[in-house]
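Below is a short note for a colleague who has not seen this structure before. The points are numbered and can be read one at a time.

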Amino acid sequence: MTPFIRLHPSDDVVIARAQLVGGASVENFTVRGLIPAGHKVAAHAIAQGAPVRRYNQIIGFASKPIAQGEHVHTHNLDMGPDKGDFARDYAFGADVKPAPARREASFMGIVRADGRVATRNYIGVLTSVNCSATAARAIADHFSRQTNPQALAAFPNVDGVVALTHGTGCGMDTQGMGMQILSRTLTGYATHANFAGVLVVGLGCEANQINAWLATGHLAEGENFRTFNIQDTGGTRKTVEKGIALIHEMLPRANAVQRTPCSAAHITIGLQCGGSDGYSGISANPALGAAVDILVAHGGTAILSETPEVYGAEHLLTRRAVRREVGEKLVERIHWWERYTAVNEGEMNNNPSPGNKAGGLTTILEKSLGAVAKGGTSNLEAVYEYAEPVTAHGFVYMDTPGYDPVSATGQVAGGANMICFTTGRGSAYGCAPSPSLKLATNSVLWQRQEEDMDINCGEIVDGQASIQEMGQRIFELVLATASGQQSKSEKHGYGQSEFVPWQVGAVM
């Protein structure tokens, strides 16, 4: 096995499979200095200002002359004088292909009365505003299997009672984008198939009035959907007591379910990557992309997101758009983000984190090219705004920030009943009410943090598995998890604190 990985014959760099020391031979040249695992080595001399390619795509420009065998990273590679604003061929629809032959697979799901299919069976406690968060958590804590196991002992089919609280809901324009996003997000969770029942707790005087939200979301209370305010109830203690009593009423109905065979077409996966490294675009992301292609062939749906992390690679998605307007909507969202970051005195290349860079990623262009691999090769069927209901089947896109909890919150609000999350640095994450699978990009991470990882895609880097083989394994793990098998993050109790609706606009 070679000590490096060449991704394309035309690439200007190769990737260190393991740490390389100065004097080591790579292809037909000698390494200059220490190259950390997952980092880039110049395959030939690169002139200052010249574009640098990986995946046969531009990942940046040489900020100084780079010698053959030299480490290529932040000290000699940047976005160029135009900060990545170079021409891209969007070629709308050029790579659209015929629909794959329909395949059939099943999982053990929970069929709701209206025909929707769930992968989990929770009761949720939502809040209209941060001011009611403490009361909501106290209500859910009463039903904790860790601290009060008797509370749910008679209800084995209920996965738990979770409080999904947030930091906003007031001090905001009641008609603005921020309120619209919060309203969509809460509506998506309140109607999510993975909730058998939902309780919404408000304060009473907040900007996000419960009655206004119900009207906007076309929601109506029922026996498994109840709302009330602290100020109307008479204070915190009475609120907690009332919330507990209402959930006690819901529990027998929530418990009266059984899992039955359901088509894999009912699975909707939110695709995430966090704590990315130089291997993300080589192992876990393309393997997840292979699993997405398999899911799409079975009639399922996968949601790619994190717009700041497809920046510079969006042309690879527009080529797969089934209609020109689908591709144009994605490009419009990219331009929105350029304006949004500029107004906030930032730029798109602010996205790679210190951990990303330590793992071998240098620019947002490089990070994005690896990130889009999660979407496989299927046609792009639709583009959605944050937390919009996803109604199309197949591979779709949702505009979200790159920050993982915010992004996944939007995907779940849109209907994702599963999250697949790749990581090279070791992100710790879970996502109630939808189970989250963690995919390690390298075997070192798997060995160090196996208690948090569900599958080791580092076997691809190690030469022990192909991308397609790993994709099939991921798909099979998705079916098992959708059938009720707990993910590592579920076993650790992740999921409640990771509910983070996107906050946009002034806080007033």
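1. Charges over rings. Arg 88 lies over the face of Tyr 311, and the distance to the ring centre is 5.6 Å. Lys 438 is placed over the face of Phe 421, at 5.0 Å from the ring centre. Please keep in mind that this is a predicted model.

2. Leu 437. Strand β22, which covers residues 436-440, contains Leu 437. Leu 437 has a relative accessible area of 1% and is therefore buried, the cut-off being under 20%. Leaving out residues up to four places away in sequence, Leu 437 touches Met 418, Ile 419, Cys 420, Phe 421, Asp 454, Leu 477, Val 478, Thr 481 and Ser 487. Gly 60 is 377 residues from Leu 437 in sequence, and the two C-alpha atoms are 32 Å apart in space.

3. Cysteines. How many disulfides does the structure hold? The count is 0. Cys 273 is in no disulfide, and the nearest cysteine sulfur, that of Cys 420, is 12 Å away. For Cys 420, the closest cysteine sulfur is that of Cys 457, at 9.7 Å, which is too far for a bond because a disulfide needs the sulfur atoms within 2.5 Å. Cys 273 is buried, with a relative accessible area of 2%, and Cys 420 is buried at 0%.

4. Aromatic pairs. The structure holds 11 aromatic pairs. One of them joins Trp 213 and Phe 225: the ring centres are 6.2 Å apart and the planes are at 75 degrees, so the pair is edge-to-face. Trp 213 belongs to helix α3 (residues 210-216) and Phe 225 to strand β15 (residues 225-229), 12 residues apart, and the pair links distant parts of the chain. Trp 213 is buried, with a relative accessible area of 3%, and Phe 225 also counts as buried, at 11%.

5. A second pair. Tyr 386 and Trp 502 have ring centres 5.4 Å apart and planes at 65 degrees, so this pair is edge-to-face. Tyr 386 is in the loop between β19 and β20, whereas Trp 502 is in the segment after α15 (488-492), so the pair ties together parts 116 residues apart in sequence. Tyr 386 is buried at a relative accessible area of 1%, and Trp 502 counts as buried at 9%. Both rings belong to one aromatic cluster, formed by Trp 336, Trp 337, Tyr 340, Tyr 386 and Trp 502.

6. Helix α8. An α-helix has 3.6 residues a turn, so residues three or four places apart point the same way. After α8 comes Glu 345, which has a positive phi, near 60 degrees.

7. Ser 128. The loop between β12 (122-127) and α1 (133-141) holds Ser 128. Is Ser 128 buried or exposed? Ser 128 is buried, with a relative accessible area of 2%. Apart from neighbours within four places in sequence, the residues in contact with Ser 128 include His 166, Thr 168, Gly 169, Leu 182, Glu 206, Asn 208 and Ile 210. Val 200, Val 201, Gly 202 and Leu 203 are also among them.

Notes. Residues numbered from 1 in each chain as written. Predicted model: local features only at pLDDT ≥ 70, side-chain atom pairs only at ≥ 80, totals over all residues. Heavy atoms only, no water. Helix = DSSP H or I, 4+ residues; strand = E, 2+ residues; numbered from the N terminus. Buried < 20%, exposed > 50% of the residue type's maximum accessible area, 1.4 Å probe, protein only. Contact = heavy atoms within 4.5 Å. Phe/Tyr/Trp six-rings, centres within 6.5 Å; stacked < 30°, edge-to-face > 60°. Lys NZ or Arg CZ within 6 Å of the ring centre and 35° of its normal.
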